[in-house]
Amino acid sequence: MSELDDLTARLTLHFARVSAKQLSDVEAVFGRLEQAVAAPQSAWRSAQALKEKQLDLLFAPGLAEKVAQALEWAEQPNQHLLTLASDDYPPLLKQIADPPPVLYVRGQVALLSDPQLAIVGSRNASKQGRLTAEDFAQHLAGVGLTITSGLASGIDKAAHEGALKAQTKAGGPQGTTIAVVATGLDRVYPAANRELAHRIAETGAMVSEYPLGTQPLAHFFPQRNRIISGLSLGTLVVEAALKSGSLITARTANEQGREVFAVPGSIHNPQVKGCHQLIRQGAKLVESGQDILEELSPMLQSALQPSLFSESDSEASDTLSSPVGSENNTVSGVLQFIEFEPIGLDELAVLTKQPVSQLQSELLMLELSGAIEALSAGRWRRLR
C-alpha cells in the first residue's frame, strides 16, 4: 500500500471519529486500513468494530470530498497532516493512552518532537500572572525548550508571547512555541489572537486534531488539553482558580506520567487556589525557571545536548560533573566572565568571543549544574 493510500484511509476513518484504540481493532479485523475503508457496510456491521454513529459518518455522502479537501490543504507550504504512521508524529504524544490519530499542523512540524514545556493558566489572569508566565516562557525558550500552550487569553497568550521574545540582539535563535487549538486550523479562537496565531505559525507551529472548519465547541477544549500535556515533558500552571480548565491539563499530565509544576501565590487570591491545590497533591512548587530545569535536567540533557553541541563541543558537554574552574573545560571557561553581579548575554558574547548559539548552550549547562542563575531580560549571575 502506498503512503498516499494509507493517509487517505486514515483520513477517512478520522472523519468517522475513529480513535487510536479503535484503529487497532479495525486492523485486527480487516488487516490493512485501505482494505477496511473499501469494505461494504455489511462487513462493518458484522465486525462490530465501530459504534452506529461512527458507521453513519463513515458511509455519509460527501466523506470523500472532505478527505480530498484535507489532502489539498496539506499540499500548501508549511501545512502538514500527521498520522500515527508518520515519521514526524511526535514520539511523546504517541505514548499517551489516546493519541490523536490525525494531527493538522501549520508551521515547523519538526518542533513537535523537540523538548517542550507546557505553560497554562487562567484566561482571566492578573497582570502579575501574565508577567510571570511571560518571564518563565522567555527564559525557558531562550535556553532551548519549546513552549507549548493553548492560544487562549490570559496565561496562554502570555506564554506564547514570552517564548517569541526569547531572542537576542546578538543574533541568537528565536524562541519557539507551539499552540494546540480546539478548532480547525482555518479558524482562530479567540479572534483577538489572530495576529499572534500568524506569528506562531511563522516561527513555531499551530496544531489541531480537529478537521478544517471545526467551530470552537466547549467540550473540545478539555479534550485538546491532553495533547498540550502529551507533547510536553512537563506542565507549568502559573495561575488557576479551583475550577480552572488548566487543572484538567495538569491532571492529564499527571496521568501521562509527566511532571507537574505550579507557581504559588497569596493565600487571599482566589486566582491561585488551584495552584495551591496542585501543590498539595504533589505538584512541584516553582519560583524560577531554574527550579524547572533542575527537575527536568535528566531528560533535558539527553534530549537537548545533541542539538546544543557540535562535535567540537562534545568535551564540554561531558564535563558537567567536573569541578567548576577546572582547566580545559569550555563550559567553566565561560564562568570566569560571570560574577555575582548580573551580566547580559550580549556582553558575555563580546567577552567570550563565542557565537551566541554556543554560548547559550554553555549557559544552560552551567545553570543545570547550579553554578549560575538566569535572571530576567537575558541576564545571568554567579551562584558560587
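I take exposed to mean over 50% relative accessible area, and buried to mean under 20%. The model I am reading is a predicted one.

**Entry 1: helix α10.** I looked up burial along α10, which spans residues 194-203. I found L196, A197, I200 and A201 to be its buried residues. I then asked on which side of α10 they lie. Because they cover an arc of only 140° around the axis, these residues lie on the same side of α10. On the other side of the helix I noted E195 and E202, both exposed. I next checked what covers the buried residues of α10; the cover includes the strands β2 (102-107), β5 (177-180) and β6 (205-208), together with α9 (155-164).

**Entry 2: the largest pocket.** I recorded about 830 Å³ of space in the largest pocket. I listed 29 lining residues, and nearest the centre of the pocket I found H14, F15, R17, Y210 and P211.

**Entry 3: a sheet of 3 strands.** I followed an open sheet in the order β10-β12-β11 and found its pairing antiparallel. I identified β10 (343-344) and β11 (372-375) as the edge strands, since each pairs on one side only. Between β11 and β12 (residues 379-382) I recorded 4 bridges. I looked up the partner of L375 and found R379, in β12.

Note on methods
Residues are numbered from 1 along each chain as its sequence is written. This is a predicted model: local features need pLDDT of at least 70, side-chain atom pairs count only at pLDDT 80 or more; totals for chains, interfaces and linings use all residues. Side-chain values use heavy atoms; hydrogens and water are left out. Buried means under 20% relative accessible area, exposed over 50%, partly exposed in between (1.4 Å probe, protein chains only). Helices (H or I, at least four residues) and strands (E, at least two) are DSSP runs, numbered from the N terminus. The arc is that of the directions from the helix axis to the C-beta atoms. Contact means heavy atoms within 4.5 Å. On a 1 Å grid over the protein atoms alone, a cavity is a set of points where a 1.4 Å probe fits but cannot get out, and a pocket is an open set with protein on both sides within 12 Å along at least five of seven lines; lining residues have an atom within 4 Å of a point. Grid points are joined across faces, edges and corners, and a volume is the space filled by probe spheres set on the points. Two strands pair if DSSP finds at least two bridges between them.
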